[in-house]
Amino acid sequence: MAALIIELPGRNANRYHKIDKPVVRVGRALDNDIILSDPSVSPYHFVIRENRSGDYELHSLADENGIRIDRHQARESIVLTRLPLEFDAGRTHIRILDRSQPVAPTRLLSCRNGSNCLFGHWGWALFLFSGLMLLSAVDNYLSTPRLIDWDSYGRDQLIIVIVALGLTVGLLTINRITSHRWDYPSSLSFVSLILITALLLDLLVTFTDYFFTSAMPGFVISLAWTAVLVPTLLIWFLIRLQHGSYAASILFAVILLSPAAYIQIKSLVSHYGLFEAFSKHAHYSDSLYPWDKRIQRTISIEEFADATLRSVGPGHSDK
């Protein structure tokens, strides 16, 4: 008689029970061998019993909801020789497994080597968050086109702090749903890194537009970041680092980021005026750089005037 395993779904993880005696009864009643709390399960729902040949059989004892296999009611006893067997008892999905059933590969912890890791350690989380605050403060200072109003400057910095902490709480909630646990430092580290990268990309976008004298490179970078990299990084964080459910992680990433990506892409298209005859202004001249380097040669005002006169023709040069 080979012992079998019953797999039951749990709130945080599946539960497993050995079937290593001739009769095992399952249901809501407290005198069962395995007790289920599902109200759609009968007090005595089913029994697994060893037959004369030494095999186990599954017998339904419920008159209400019974046992369903592939959505079909099972009215006869089932010999448990072909495993794994999946069935529903009420609303509870149950699997009967053989002890030789292979298990999934072990998922490695992100901080298994102690404190020398980027995610999961409070030291790194606070360091990255402090770096985000410093970078945002410098960017806010440099982007102010007038004398600094410290009240306005402080409000802008407070908004950045609230946004960062709000995104961290949102990521914590998603992490709780997908992996059934809270991980504060890794969520704060991830959000800080994403926002730091977004600030640096904003500088890169402005420089590439200036360097190529075109709005297209910056648009491509912004589009790739919004529609591809951020969803991919979020899925990687939830699945690889937090060991969340594959389906739930991908579903949450798509549902939560699709509206934001749509709004961002629509804003980018409108900002750059890609579908209009003329853009609203020359975006490659939004910022000035001490290193004035472009692919196209910068010409003087005199050269520009001479080129304009030649383009309109000799008949207009004296006018």
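1. D33 is partly exposed in this predicted model, its relative accessible area being 40%. The residue forms a salt bridge with K21, and the closest N and O atoms of the two are 2.7 Å apart. D33 sits in the loop between β3 and β4, whereas K21 sits in the loop between β2 (15–19) and β3, so that the pair links distant parts of the chain, 12 residues apart. K21 is likewise partly exposed, with a relative accessible area of 35%, a value that lies between the limits of 20% for buried and 50% for exposed.

2. A second pair joins R25 to D31, and here the closest N and O atoms are 3.6 Å apart. R25 counts as partly exposed at 28% relative accessibility, and D31 counts as partly exposed at 47%. Side chains of opposite charge can pair when their charged atoms come close.

3. How many salt bridges does a search of the whole structure find? The search finds three, and one of them is formed by the side chains of R95 and E7, with a distance of 2.9 Å from N to O. R95 belongs to strand β11 (residues 92–98) and E7 to strand β1 (residues 4–8), so this pair ties together parts that are 88 residues apart in sequence. E7 is buried, its relative accessible area being 11%, which means that its value falls under the 20% limit used for burial.

4. R25 also has a place in the account of the strands, for it stands opposite V47 in β5. Strand β3 (residues 23–27) and strand β5 (residues 46–50) pair in the antiparallel sense, and four bridges are found between them. Both strands are part of an open sheet of five strands, in the order β4-β3-β5-β6-β9, in which the pairing is mixed. At the edges of this sheet lie β4 (34–35) and β9 (78–79), each of which pairs on one side only. Strands of a sheet pair through backbone hydrogen bonds, either parallel or antiparallel.

5. Which residues have the most contacts inside the largest nonpolar core? They are L132, L171, F190, L234, F237 and L238, in a core that has 23 residues. Five helices, α1 (122–142), α2 (150–179), α3 (184–212), α4 (216–241) and α5 (246–272), each supply at least two residues of this core, and the largest share, seven residues, comes from α3. In soluble globular proteins, nonpolar side chains tend to be buried together.

6. The protein has six helices and 11 strands, and buried residues make up 33% of its 319 residues. Among contacts with a separation of 6 or more, 49% are accounted for by residues 24 or more positions apart. The protein exposes about 20400 Å², of which carbon and sulfur atoms supply 61%.

Definitions and conventions:
Residues are numbered from 1 along each chain as its sequence is written. This is a predicted model: local features need pLDDT of at least 70, side-chain atom pairs count only at pLDDT 80 or more; totals for chains, interfaces and linings use all residues. Side-chain values use heavy atoms; hydrogens and water are left out. A nonpolar core is a set of buried Ala, Val, Leu, Ile, Met, Phe, Trp, Tyr and Cys residues joined through side-chain atoms within 4.5 Å. Buried means under 20% relative accessible area, exposed over 50%, partly exposed in between (1.4 Å probe, protein chains only). Two strands pair if DSSP finds at least two bridges between them. A salt bridge is a side-chain nitrogen of Lys or Arg within 4 Å of a carboxyl oxygen of Asp or Glu. Contact means heavy atoms within 4.5 Å. Accessible areas come from the Shrake-Rupley method with a 1.4 Å probe; for residues, only the protein chains shown count as cover.
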